[in-house]
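Please have the sequence and the coordinates at hand while reading.

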Amino acid sequence: MYKSGFVTVIGRPNVGKSTLLNQVIGEKISIISDKPQTTRNKIQLVYTEENSQIVFLDTPGIQMPKNKLGEYMLKISKSTLEEVDVVTFMVDNSMETGSMDNLIIEDLKYISTPIVLLINKTDKLNEEEILQLIDKYDKMNMFEEIIPISAINNTNIDKYIEVLKRIIPEGPQYFPDDMITDQPERFIIAEIIREKALLSLEEEVPHGIYVEIDGIKERENKNIVDVFANIYCEKDSHKGIVIGKNGTKLKEIGQNARVDIEALLGSRVNLQLWVKVEKNWRERDNKVKYFGYK
């Protein structure tokens with residue numbers, strides 16, 4: 001008997017969704033930072049075993065939208081709830097349930113899809129606190145299973161997978177054994193560059209960044225790949241911040257991104273970055289769609 005199914009992972013920003021899925025897959029596909037809006041797209045990650053295949057949907061963190069990009073992100077996060085076989089709702093180790101978690105819980109009350117609750121970051125709690133959180137969520141009578149985990153430490157991830165394999169239905173193998181994501185290399189490279197920009201930049205600048213891959217070219221008879229990319233920001237002043245004094249900030253972003261891109265491609269990489277301004281693009285519906293958020 002072969003089992004297969006689709007599982008969406010939802011939660012507010014920064015609860016550890018992408019960290020969890022990178023652990024499950026064993027590769028870094030979804031980018032990670034401590035800033036909201038890190039994940040902007042719905043990314044499919046594929047976990048395959050001999051008798052089962054689970055297709056995970058990594059979605060943007062659910063939050064109130066502030067612009068056209070935010071509206072897009074909220075729409076795709078909520079659209080997956082009735083389209084999948086299992087919903088994974090992820091919360092962190094907070095003893096009090098926050099307002100955004102409460103809004104998500106209200107939405108989940110109206111779906112028929114089985115829901116698995118993951119309580120993340122339990123490595124920072126003692127056993128009594130973990131039991132208190134499990135009891136609190138158990139009293140809601142909403143969840144098929146409640147699993148305390150530490151995504152960063154890979155704790156109880158195997159138990160989570162076993163629970164999902166129990167719930168998902170019999171079905172076909174949707175993707176080849178060696179496929180771990182539906183996203184092309186070009187998308188993953190752009191996301192790696194954006195992650196390094198998120199980690200290097202402060203305040204409002206990272207939220208207004210979009211990375212476009214202008215070209216990828218493998219040199220003949222050499223183990224080296226040329227990658228050309230544009231980093232778009234929303235203001236002229238932001239361009240100066242991204243570049244930094246004497247180009248130091250852009251060099252830092254490029255050096256850090258190149259390490260991950262070389263690991264992805266298995267080749268030496270010559271990364272060329274340019275910074276361009278597309279004023280207030282997150283507020284403009286046509287530009288949000290042009291950049292692929294549609």
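Which residue in β8 is the bridge partner of I216? The answer is V227, and the description below, which concerns a predicted model, begins with the sheet to which this pair belongs.

## The sheet

Strand β7 and strand β8, the latter spanning residues 224–233, run antiparallel and are joined by eight bridges, with the pairing of I216 and V227 linking a residue to its partner in β8. The sheet itself is open and consists of three strands in the order β7-β8-β9, with mixed pairing. Because β7 (210–218) and β9 (268–277) each have a single partner strand and stand at the edges, one side of each is left without a neighbour in the sheet. From one strand to the next, the twist averages 20°.

## Helices on the sheet

Helix α6 lies across β7, β8 and β9, and its direction runs at about 125° to β7. Helix α7, which comprises residues 236–243, also packs on the sheet, where it touches β8 and β9 and makes an angle of about 155° with the direction of β9.

## Packing of α6 with α8

Two packed helices are described by the angle between their axes and the distance between the axes. For helix α6 (residues 185–200) and helix α8 (residues 248–265), the angle is about 140° and the axes are 9 Å apart, while the crossing of α6 and α8 is right-handed.

On the α6 side the contact is made by E185, I188, I189, I192, I193, E195, K196, A197 and S200, and these meet K249, E252, I253, N256, A257, D260, I261, L264 and L265 of α8. By class, the residues of the contact of α6 with α8 comprise ten nonpolar, two polar and six charged.

## Packing of α7 with α8

The axes of α7 and α8 cross at roughly 60° and come within 4 Å. Helix α7 contributes I241, V242 and I243 to this contact, whereas α8 contributes T248, K249, L250 and I253; the residues of the contact of α7 with α8 divide into five nonpolar, one polar and one charged.

## Aromatic residues

How many aromatic pairs does a search of the whole structure find? The search finds six aromatic pairs, and one aromatic cluster is formed by F89, Y137 and F143.

Key
Residues are numbered from 1 along each chain as its sequence is written. This is a predicted model: local features need pLDDT of at least 70, side-chain atom pairs count only at pLDDT 80 or more; totals for chains, interfaces and linings use all residues. Side-chain values use heavy atoms; hydrogens and water are left out. Axes are lines fitted to C-alpha atoms, for helices over the stretch in contact, and angles run from 0 to 180 degrees between N-to-C directions. Helices (H or I, at least four residues) and strands (E, at least two) are DSSP runs, numbered from the N terminus. A crossing is left-handed if the near helix is turned anticlockwise from the far one by less than a right angle, and right-handed if clockwise. Contact means heavy atoms within 4.5 Å. Ala, Val, Leu, Ile, Met, Phe, Trp, Tyr, Cys and Pro count as nonpolar, Asp, Glu, Lys and Arg as charged, and the others, Gly among them, as polar. Rings of Phe, Tyr and Trp (its six-membered ring) pair if their centres lie within 6.5 Å; planes under 30 degrees apart count as stacked, over 60 as edge-to-face and the rest as tilted. Two strands pair if DSSP finds at least two bridges between them.
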